[in-house]
Amino acid sequence: MSFSLIPKRLYEKYDNLTPEILSNMGVKLLLSDLDFTLAPKKIRRPDEKLRAWIADLKRHNIIFMIVSNNRSGKRVREFCAELGIDYQGHANKPSTKGLKKAMSRAGIDAEHTAMLGDKLLTDVLAANRAGVLSLMVEPAGGAVTLWQKILHALQEPFKSICRKRIKKIDGINGRR
């Protein structure tokens with residue numbers, strides 16, 4: 001169990017993470033946060049872009065599931081019902097409990113699982129502690145409130161370390 005706040009990979013937005021990229025990393029189960037990862041919190045229904053991305057994951061045999069800390073399950077339940085996907089609510093990230101329950105329900109081990117999120121202190125830390133691949137995106141809709149702006153500014157040094165590691169690995173592997 002790693003207590004690291006550094007994600008393994010960074011993406012500008014969720015759909016920059018293609019099924020091909022996930023397959024190349026050995027991912028069979030993609031867990032994802034909902035709020036600010038897939039859509040701003042004020043967006044109540046999934047858009048066509050998200051529907052198409054999830055359909056593409058399914059075509060590539062990648063199971064997709066939301067893992068959320070939302071106190072009220074209504075938003076997550078309704079959002080996931082419209083997408084026809086499963087979810088694990090009350091995850092209590094950075095606890096690994098929710099991620100482990102989701103993996104158990106999907107029948108996929110940590111080695112073949114990734115967690116996508118926008119926050120280091122919940123999503124990335126939970127993923128690293130659970131031994132799954134930690135993937136991070138910039139917040140959908142941007143950091144709006146003063147607290148969100150402060151939180152995302154505090155995350156920058158950790159994201160910078162991630163970028164440097166990726167650059168070094170890609171340079172070794174000849175990718176640009």
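Helices (H or I, at least four residues) and strands (E, at least two) are DSSP runs, numbered from the N terminus. This is a predicted model, in which local features need pLDDT of at least 70 and side-chain atom pairs count only at pLDDT 80 or more, while totals for chains, interfaces and linings use all residues. Residues are numbered from 1 along each chain as its sequence is written, and side-chain values use heavy atoms, with hydrogens and water left out.

Start with the chain as a whole. It contains 6 helices and 6 strands, and from the N terminus on they follow the order β-α-β-α-β-α-β-α-β-α-β-α. The C-alpha trace spans about 45 × 40 × 30 Å along its principal axes. The radius of gyration is taken over C-alpha atoms, and the globule rule is 2.2 Å times the number of residues to the power 0.38. For 176 residues, a compact globule would have a radius of gyration near 16 Å, and the 15 Å of this chain agrees with that.

Two further totals describe how the chain is packed. A residue is called buried under 20% relative accessible area, exposed over 50%, and partly exposed in between (1.4 Å probe, protein chains only). Buried residues account for 46% of the 176 residues. A contact means heavy atoms within 4.5 Å. Of the contacts between residues at least 6 apart in sequence, 69% join residues at least 24 apart.

The surface and the charges come next. Accessible areas come from the Shrake-Rupley method with a 1.4 Å probe, and for residues only the protein chains shown count as cover. The chain exposes about 9,300 Å², of which carbon and sulfur atoms supply 55%. For charges, Lys and Arg count as positive and Asp and Glu as negative, while His and the chain ends are not counted. Each charge is placed at NZ of Lys, CZ of Arg, CG of Asp or CD of Glu. The chain has 32 positive and 18 negative charges, and their mean positions are 5 Å apart.

Now look at helix α5, residues 120-130. Because 9 of its 11 residues are buried, α5 is largely enclosed by the rest of the structure. Among these buried residues are L120, V124, A126 and A130. Just after α5, G131 takes a positive phi of about 80°.

P7 lies in the segment before β1 (9-11) and is buried, at 3% relative accessibility. Leaving aside neighbours within four places in sequence, P7 is in contact with L120, V124, S134, M136, F158 and C162. T96 belongs to the loop between β4 (86-88) and α4 (97-106) and is buried as well, with a relative accessible area of 11%. Not counting residues up to four places away in sequence, T96 touches A126, R129 and A130.

Most residues other than glycine have a negative phi, and most peptide bonds are trans. The peptide bond from K93 to P94 is cis, with omega near 20°, and P94 lies in the loop between β4 and α4. H90 is found in that loop too; this residue is not a glycine, yet its phi is positive, near 50°. H90 is partly exposed, with a relative accessible area of 47%. N61, in the loop between α2 (48-59) and β3 (63-67), has a positive phi of about 60° although it is not a glycine. At 65% relative accessibility, N61 is exposed.

A143 is found in the loop between β6 (133-137) and α6 and is partly exposed, at 27% relative accessibility. Apart from neighbours within four places in sequence, A143 contacts Q148, K149 and H152. A143 and F36 are 107 residues apart along the chain, and their C-alpha atoms are separated by 8.7 Å.

R163 lies within α6 itself, which covers residues 146-173, and is partly exposed, with a relative accessible area of 37%. Setting aside neighbours within four places in sequence, R163 is in contact with L10, E138 and E156. A polar contact is a pair of N or O atoms within 3.5 Å; within protein, one must be able to donate a hydrogen and the other to accept it, and residues adjacent in sequence count only if both atoms are side-chain atoms. The side chains of R163 and E156 form such a polar contact, at 2.6 Å.
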